[in-house]
Amino acid sequence: MLDYKFSIDAIKVNKTFFKKKSRINALVDFNIQIPKGSIYGLLGPNGAGKSTFINILGGLVNKNEGKISICGIDIDTNSKLSKKKIGIVPQELNIDPFFTPYELLELQAGLYGIPKKQRNTEEILHNVGLFEQRDAYARTLSGGMRRRLLVAKAIVHNPEMLILDEPTAGVDVELRANLWNYIRDLNKKGTTICLTTHYLDEAEELCDYISIIDKGKILKDDTKNNLLNIISNKTVSFAVQEKISIPKELDKYNPILKENNLIINYDKQKTTLKSIINILNNNKINFKEINTYESDLEDIFMKIINENDK
Ligand SMILES: Nc1ncnc2c1ncn2[C@@H]1O[C@H](COP(=O)(O)OP(=O)(O)OP(=O)(O)O)[C@@H](O)[C@H]1O
Ligand SMILES: [Mg+2]
């Protein structure tokens, strides 16, 4: 098997759409490298260019410029093979309404030339939670069920990489959790995952790497942990038991005393929570509860997008 480091390696991809007389630069010198074996999130507001990039990978949209390889295979010189390496769950729910989930998956397996004996249609249906609906017409499935059917369809040929464009839009909370568990399992077994989502808390929980995209450009890409450290400000609140006077050593943290809560802001790169607790202990200040607040992916996403809008 071909050895490669990046499941997707895209260099200087440009795509412009022409709508009547206006030009839309959907992707502008777009570079991305998705490490093999990772879970990679593409995050960005509506119209950022996420689906355009995914559709280029799937051969539904042609790029104007740039070079892309999928699992080490150039999409221009070997487009057929490159498409076999990936399974794509599209953003639109385009399902043929007159087939049942079972028939659809069998049909898809046939398209990929998978012999009947090697197919695992029932297992896939079970894993995406559609086993009971396997013989129902697709038009009778709910929105969330259709989306899960699209996931099933994308993995029929056991691709090396699964790309999911908004896989959980419209899927209820419990099934969403099931779907993520299943995707995590696929990843553990070696499938590289790339996804877009507007649920930033889910991206934060799931992804190893994240790219933040807006107006066709990558504004930031890094490991999730590095991104979460961009804002190093942290807040801690101590519920104090009695009236206290704030120790002088805390002055540099702009402490606030509000309704028996002592609130302190500090830079987690420079100060540890332990050193703050030590100051309280040294000053004989008792507290019955500590609450900390750290910026999450949403804070960081907003900061990066807002800075780009300036
Ligand atoms: N077929 C098309 N013809 C003309 N313009 C298009 C076409 N497809 C996408 N665009 C435009 O390209 C830009 C990027 O769209 P894209 O669908 O890639 O965004 P997205 O990041 O997937 O957004 P969303 O989060 O809403 O799905 C938008 O301005 C969109 O209007
Ligand atoms: Mg989209």
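Which residues is I163 in contact with, leaving aside its neighbours within four places in sequence? The first legend below has the reply. This is a predicted model, in which local features need pLDDT of at least 70 and side-chain atom pairs count only at pLDDT 80 or more, while totals for chains, interfaces and linings use all residues. Residues are numbered from 1 along each chain as its sequence is written, and chains are lettered from A and ligands numbered from 1 in the order in which they are written.

**View 1. I163 and the largest nonpolar core.** Setting aside residues within four places in sequence, I163 is in contact with I54, L57, I86, I88, V89 and C194 (contact: C-beta atoms, placed from the backbone, within 7 Å). The largest nonpolar core has 64 residues, and L57, V151, A152, L162, I163, I193 and C194 touch the most other members. Helix α5 (residues 143-155) hands over the largest share of this core, seven residues. Apart from it lies another core of six residues, including F238, L262, I264 and I276. A core here is a set of buried Ala, Val, Leu, Ile, Met, Phe, Trp, Tyr and Cys residues joined through C-beta atoms within 7 Å. Buried takes 20 or more other C-beta atoms within 10 Å of a residue's own, exposed takes 12 or fewer, and partly exposed is in between, with C-beta atoms placed from the backbone.

**View 2. The shell around ligand 1.** Ligand 1 has 13 residues around it, the closest being F17, N46, K50, S51 and T52 (near: C-beta atom, placed from the backbone, within 6 Å). β1 (6-19), β2 (22-35) and α1 (50-57) are the elements that give two or more residues to this shell, and α1 provides the largest share, three residues. By type, the shell splits into four nonpolar, seven polar and two charged residues.

**View 3. The open four-stranded sheet.** The strand order is β12-β13-β11-β14, with antiparallel pairing (a pair needs at least two DSSP bridges). β12 (256-258) and β14 (287-294) sit at the edges with a single partner strand each, so one side of each has no neighbour in the sheet. Neighbouring strands are turned by 20 degrees against each other on average, direction ignored. Three bridges join β12 to β13 (residues 261-267), and L257 stands opposite L262 in β13. β11 and β14 pair over seven bridges, also antiparallel, with T235 opposite Y293 in β14. Of the eight residues of β14, the number buried is zero, so β14 lies largely in the open.

**View 4. Helix α9 over the sheet.** Helix α9 (residues 273-282) lies across β11 (233-240), β13 and β14, at about 30 degrees to β11. Axes are lines fitted to C-alpha atoms, for helices over the stretch in contact, and angles run from 0 to 180 degrees between N-to-C directions.

**View 5. L111 in helix α3.** L111 belongs to helix α3 (residues 101-111), and counts as exposed because it has 10 C-beta neighbours inside 10 Å. L111 and V156 are 45 residues apart in sequence but 10 Å apart in space, C-alpha to C-alpha. Across the protein chain there are ten helices and 14 strands; helices (H or I, at least four residues) and strands (E, at least two) are DSSP runs, numbered from the N terminus.

Methods
Contact = placed C-beta atoms within 7 Å. Nonpolar A, V, L, I, M, F, W, Y, C, P; charged D, E, K, R; others polar.
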